Structures are given as structure tokens and as C-alpha cells.
Amino acid sequence: MHDLLLRHGTVHDGLGGRARTADVAIHDGRVVAVGTGLGPARRELDVTGLVVAPGFVDPHSHSDTVPFLSEPQPFKLLQGVTTEIIGNCGFSCAPVRGDASGFTPSVLTGAAFSTMREYLDAAEAAGTANNLAVLTGHNTLRLAAAGMSAEITATQLDRMRAMAAEAFEAGAYGLSSGLEYVPGAYAGVDELVALALVAKRWELTYATHMRSESEGLADALDEAIAVAAGARIRLHVSHCKASGRAVHGASALVLEKLTRARAAGVDVRADVYPYLAFGTGLVAVLPPVACEGGEDALLARLADPGERVRLRALAESPGTGIGVGLWRELHPADVQILTHRDPRVAGKRLADLGGDPWNALCDLLAADPAAAGVFHTMHEGDLRAFLADPLVSIGSDGGPPVGPNHPRTFGTFPTFLGRYVREEKVVPLETAVRKVTSAAAAQFGLVGRGWLGPGAVADVCVFDPETIGHAGTYEQPDVRPTGVVHVFLAGRQAVADGEPTGGRLGRVLRRGRP
């Protein structure tokens, strides 16, 4: 007798196959059959008119510290997400050695561990609402080995390689980089290849927030492909975008390069979120050299009028498209201040502050180096092209559901399936389901997840294709999405009739373990 039978649903296998009306039988945490006449079950749910799909996989999130929040957090389950890849953009909660607080993103502060095994054990002990699989971050490795020095020695690189190996042995699923952020921005290709070769020992994945997503986009993508080719490793390009007016329309270039790289033998895929604004720390707007030496050195430079002029000249230099920060891709009206020590400026645009925008930015950072913003820099045509491409899956880039936030944290997957699939028909539903399931799971080696069939882990999302969506905005992002009816984690119900069942039913996944 089965544990559970989902009856009469519209079943999507997550592999892009045609949907069919069928029952899904679950027993002992696995899908055991899909079809009709499957026999009795201890519990049956009639899901007529609803889509039955694999649980969604978010290949790019920053939920690293969510297990340590005092209450279970169902914000991803309510989107249908059963598994998240964390440790992205080069930052992870381990291995942290010494004081890394100055340039570690605020979403990771307060959860620092000296080894990846310690982090995984602590997150497992705390419990998680959905499944988490972690990458080890290049920025975190570099901070642990060399602090905020731009140069590293051969000994320090060996230390990074050893710490990476330790993380992979503990169960991390790959290596991430964030090359627009310090200290990762100081690394060259040789350093990245050396670390990717460590990940190659376990046949893992290299996920990169590239060195530029604007005027240096072509060179940055070439670099990412060169790293993957040099290490013969899977490549995942994080949050595809063509950011800033100067590169609107460059989605065609990006997708052509991805296709050519794949044809040349590089196993490359990418992800994108369905929004025209990104979010990050305001310090990323400055050239990386501004941060060399740490936070005190940054504050000293910002206090020096001559240094401000020098940094601006570097940021605006027409001869450089890579490694100069985000300033050139922005207009002051594009920059919406999300968090700042001064509550009077939170929510305003840089253009609202008056005076010279560069000095206004420097003043903001001098008062709060950890300030963050939302940057409205992308074009709808590029977004649609990325969403439609078969090599691109859907990832949120969202962080913990606390404080001022971006709507992607609460609504990425319903927004994609509601606005862009149901309403605007950017891709058919079977393709969309593949993009939110197997396309990401396969790239990160999530065995048994991302597809729906006999033998698969019973991570299942049941949603209403006619109502799924999200009404959140940049001003009010934390609106509950609609349309996700039931969610199961290894056969245990985490969402029932649109309501979280409570508790922490997810797992901290470790590579190599079932």
C-alpha cells in the first residue's frame, strides 16, 4: 500500500516532456509510480485541474543563514521551491578565518564557521524548512587565506586550495565566485583555474557572478568560459543580465557565447530572475581598488577629496570595461537605496539626494559601508530572451526574508510561471517546468531531484497554473504568492491547501550522500 496517492493531476515530469493526466504514487519518501490504476494508498488527494511537478530547484540563492532564524521560514516553500543552492556570488558561511566582517554581505553576518563541515552540521542541527545544498565561496576562501590584500602568495593559494578541498570533502556541491566583489575582484584567471581544478576532483560545478555584467560583459563571459575550459569543469553563469543602457540588447551576444561554448565542449548553463532590477551592496558601485586593505582603508579613501576624484576617474575611464565597479552602468535615478544606517535615506533614489551623485554615493558609503541598494538597470527585451533560452534556468538571487528586501526573495518562481508563462507565453508550460526543476538540478548534481518519475525523491510541487503569481513590488516585496497548493519534501507535506504545515522538514544536502 502506498503512503500517498495524488490523483487526476496534470503531471509534468520536469524533463520537458508532454504533460499527461495521471496519478502519482509516493511511498517511503520516493515516487514509486506514475500512471493509472496504481492501487490503494493510506492517503489520497484529488488534484484535478492542478499541475503536479517536481519540487522547484533554485540554483542561485543566499539563504545560507535562514536555518538559524528563530522560526521556520516557509517563504520559498510558498513559491514551490523544495531545494536551494546557496553559497553563491563567492560568499559562503565557511571557511571563515579571522575577521571577515567588513566585506562579507550582511545577509551572511552572524553565521561564520571555520570549516564547511561545521557549517553543515550547525545548519542541520538548526533545521531547515526546505533542502539546502551549499557551494564554497571564492571570496570567503580568499579572505580566510589573504584577507583584503590584492596580491596573494603561492603559499596563500595553496591554503585556499586546501580549504576548498576540505569543503568539498565535507559535502559542498561546488565552487562559486563573485568577481565584481572584493576580494574576489583581485583574482586572475590562473587563481580561479587552480581552485576550479580542486572542484574537478569531485566532478563539481563552478558557478560565477562574472567580473562584469555591463560594458565588460563579453570579456567577463570569455573569462568564465576560459576558467571552465581550463579546469574541464561544469560552468554555471549566475543571474544573466545585460545591465546598463550601454549594453541593452546584449542578451544575443551572451546567449550566442553560451551556445558556442557548449558546442565546443564546455558544459555551461545559466540562470536568470524575472526582474529588471538587481540588488547588492552600494560598495560594489566603487572600483574594487577602493576597498583594498579593508574597511578602514576604504573609509580613509572616502574621507580624502583627492581619492574621491581618483576613484571617479577610474570608474569613468572609457578605456576600461572590467574591474571598475558598477558606476558606469548606472544613472542616479536607477539607484534605489534599500538599507542604510540613516533611515531617512532608505527608499530614496540617489537622484533624490541632491548635489553631485558621485559625492552623494561616497557620503552614503562613508556613513554606512554596508549599505545596500536596488538598481533598475535592465531591459525587458533582454530579460525575455534570457527567460526563453533553453540553456537558462530560473534562479532567485534572493536572501533571507527579513528587513528591506527585493521582491525576488518572495516571488521569483510564481512571477515567472504567472506573468511570463501564463500571461505572456514566453515559453510553454512544459518548458517552464523544466527550467525550474531538472535544468538546475542536473547542473549541480542533485541526484534524484528535479524530475518526477519512479525512483525520484518525492519532492513535489502541486500548483494551479491559472492563479500562480506574485503581486509584490519593490516598495512592498513581502506579499505572499498565490497558486502553490501543495508541497511535499520526501513525501512529507510542507504546504497543504496553500498554507505551510509548520516545522523544518527539509534537509541539509551533502554531496555523495543519498
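Pro59 counts as buried, because its relative accessibility is 1% and buried means under 20%. In this predicted model, Pro59 sits in the loop between strand S6 (56-58) and strand S7 (81-86).

**Surroundings of Pro59**

- Leaving aside residues up to four places away in sequence, Pro59 touches Ile85, Asn88, His236, Asp271, Ser393, Ile394, Gly395, Ala440 and Phe444.
- One of these residues, Ala440, is 381 residues from Pro59 along the chain, yet the C-alpha atoms of the two are separated by 5.7 Å.

**The chain as a whole**

- A compact globule of 514 residues would have a radius of gyration near 24 Å, and the 22 Å of the protein chain agrees with this.
- Taken along the principal axes, the C-alpha atoms fill a box of roughly 75 × 45 × 45 Å.
- Among contacts in the protein chain with a separation of 6 or more, 76% are accounted for by residues 24 or more positions apart.
- The accessible surface of the protein chain is about 18200 Å², and carbon and sulfur atoms make up 52% of that surface.

**A three-stranded sheet**

- Three strands in the order S14-S16-S15 form an open sheet with antiparallel pairing.
- The antiparallel pairing of S14 with strand S16 (residues 372-376) runs over five bridges.
- Phe278 has Phe375 in S16 as its bridge partner.

**Aromatic pairs**

- Eleven aromatic pairs are found in a search of the whole structure.
- One of them joins Phe68 and Tyr119 edge-to-face, with 6.2 Å from centre to centre and 75 degrees between the planes.
- This pair links distant parts of the chain, since Phe68 lies in the loop between S6 and S7 while Tyr119 belongs to helix H1 (residues 116-126), 51 residues apart.
- Phe68 counts as partly exposed because its relative accessibility is 31%.
- Tyr119, with a relative accessible area of 2%, is buried.
- Phe56, Phe413 and Phe463 are linked into a cluster by ring pairs.

Key:
Residues numbered from 1 in each chain as written. Predicted model: local features only at pLDDT ≥ 70, side-chain atom pairs only at ≥ 80, totals over all residues. Heavy atoms only, no water. Pairing = 2+ DSSP bridges. Helix = DSSP H or I, 4+ residues; strand = E, 2+ residues; numbered from the N terminus. Rg over C-alpha atoms; globule rule 2.2 N^0.38 Å. Contact = heavy atoms within 4.5 Å. Areas by Shrake-Rupley, 256 points an atom, 1.4 Å probe, with all protein chains shown as cover. Buried < 20%, exposed > 50% of the residue type's maximum accessible area, 1.4 Å probe, protein only. Phe/Tyr/Trp six-rings, centres within 6.5 Å; stacked < 30°, edge-to-face > 60°.
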